[in-house]
Amino acid sequence: NRIKIIRDQSIGNSRWDTYDKNNWATASLKTKLNSTYLSGLTIETQSMIGNTKYYLGGYNTANIQKDVMYQYERKISGSDYYYGTNPNSFIGKLGLMYASDYGYAVSDECTQTLNNYNNTTCTNNNWLFKGNNEWILPQGVSNSLSAFNVNSGGRVYNDGAVSGGQSGVRPVLYLTSNVQITSGTGTSTDPYKLSI
């Protein structure tokens, strides 16, 4: 019963991991988000962010529907969903959006598989599409070098190079249950203001 927030704009480009591992629990990007970026937020903001279980399941393709990806992201074992001995979850403050988050942000007019979201029906009706290359959370399972991305055309794909390629980063968090909306209507011109 908590609210999930996905940052609207990227905080800049980054590698997923500097050591060629698609294991989110040890990834340099996870460390960057949960140390450098987190500590740069105000104390009040930090107090509103709860520890959350992020599911780390992936797959070997994005040529599947969003509801199927949602199930795969939450699988607890199996070589079809995890590379090697990668863990199935991570508990922390900050993560990235799931492929299924991106998939469910589109209107019902888009009926494509995730790797075919690069058409105007899908991109014009997806509030999470920003027209940039960006990392998302699922791991590629065929080798340790790949993780999922959304590319600048809107397509989800699973061959992002974790060490060589740099992509945008949009942090994700869950608010603690005691956060309240104190003002605003939730629009871009009158955003919600939160407090504890």
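In these legends a residue is buried under 20% relative accessible area, exposed over 50% and partly exposed in between (1.4 Å probe, protein chains only). The model is predicted, so that local features require pLDDT of at least 70 and side-chain atom pairs pLDDT 80 or more, while totals for chains, interfaces and linings use all residues. Numbering starts from 1 along each chain as its sequence is written, and side-chain values rest on heavy atoms, without hydrogens or water.

**View 1. The protein chain as a whole.** The secondary structure of the protein chain consists of five helices and 11 strands (DSSP runs numbered from the N terminus: H or I of at least four residues for helices, E of at least two for strands). The C-alpha trace spans about 45 × 40 × 30 Å along its principal axes. The radius of gyration of the protein chain is 16 Å, in agreement with the value near 16 Å for a compact globule of 196 residues (C-alpha atoms; the rule is 2.2 Å times the number of residues to the power 0.38). Of these 196 residues, 44% count as buried. Among contacts (heavy atoms within 4.5 Å) between residues at least 6 apart in sequence, 67% join residues at least 24 apart.

**View 2. The enclosed strand β6 and its two partners.** All five of the five residues of β6 (residues 146-150) are buried, and the strand is therefore largely enclosed by the rest of the structure. On one side of the pairing scheme, three bridges join β6 to strand β5 (residues 134-139) in the antiparallel sense (strands pair if DSSP finds at least two bridges between them). In this pair, W135 stands opposite N149 of β6. The two strands form a hairpin, with six residues between them. Strand β7 (residues 156-161) also runs antiparallel to β6, and four bridges join these two. Here V150 faces V156 of β7 as its opposite residue. The hairpin of β6 and β7 has five residues between the strands, and within this hairpin G154 takes a positive phi near 105°.

**View 3. The two faces of strand β3.** In β3 (residues 52-55), T52 and Y54 make up the covered face, whereas K53 and Y55 make up the uncovered one. Strand β4 (residues 89-92) pairs with β3 in the antiparallel sense, over four bridges. T52, a residue of the covered face, stands opposite G92 in β4.

**View 4. The largest pocket.** The volume of the largest pocket is about 790 Å³. Its lining comprises 22 residues, of which I5, I6, R7, L173 and L194 are the closest to its centre. The elements that contribute two or more residues to this lining are β1 (4-6) and β11; β1 gives the most, with three residues. By class, the lining of the largest pocket divides into 15 nonpolar, one polar and six charged residues. The search uses a 1 Å grid over the protein atoms alone: a pocket is an open set of points with protein on both sides within 12 Å along at least five of seven lines, a cavity is a set where a 1.4 Å probe fits but cannot get out, and lining residues have an atom within 4 Å of a point. Points are joined across faces, edges and corners, and volume is the space filled by probe spheres set on them. Ala, Val, Leu, Ile, Met, Phe, Trp, Tyr, Cys and Pro are nonpolar, Asp, Glu, Lys and Arg charged, and the others, Gly among them, polar.

**View 5. The cavity.** By this rule, one cavity of 30 Å³ or more is counted. The largest cavity has a volume of about 40 Å³. Its lining is formed by W16, N22, N23, W24, L56, N86, P87, L137 and Q139. Five of these lining residues are nonpolar and four are polar, with no charged residue.

**View 6. Two aspartates in loops.** D20 is located in the loop between β2 (13-14) and α1 (28-39). Most residues other than glycine have a negative phi; D20 is not a glycine, yet has a positive phi of about 60°. With 33% relative accessibility, D20 counts as partly exposed. D190 belongs to the loop between β10 (180-183) and β11 (193-195). The relative accessible area of D190 is 33%, and D190 is therefore partly exposed. Leaving aside residues up to four places away in sequence, D190 touches G184 and T185.
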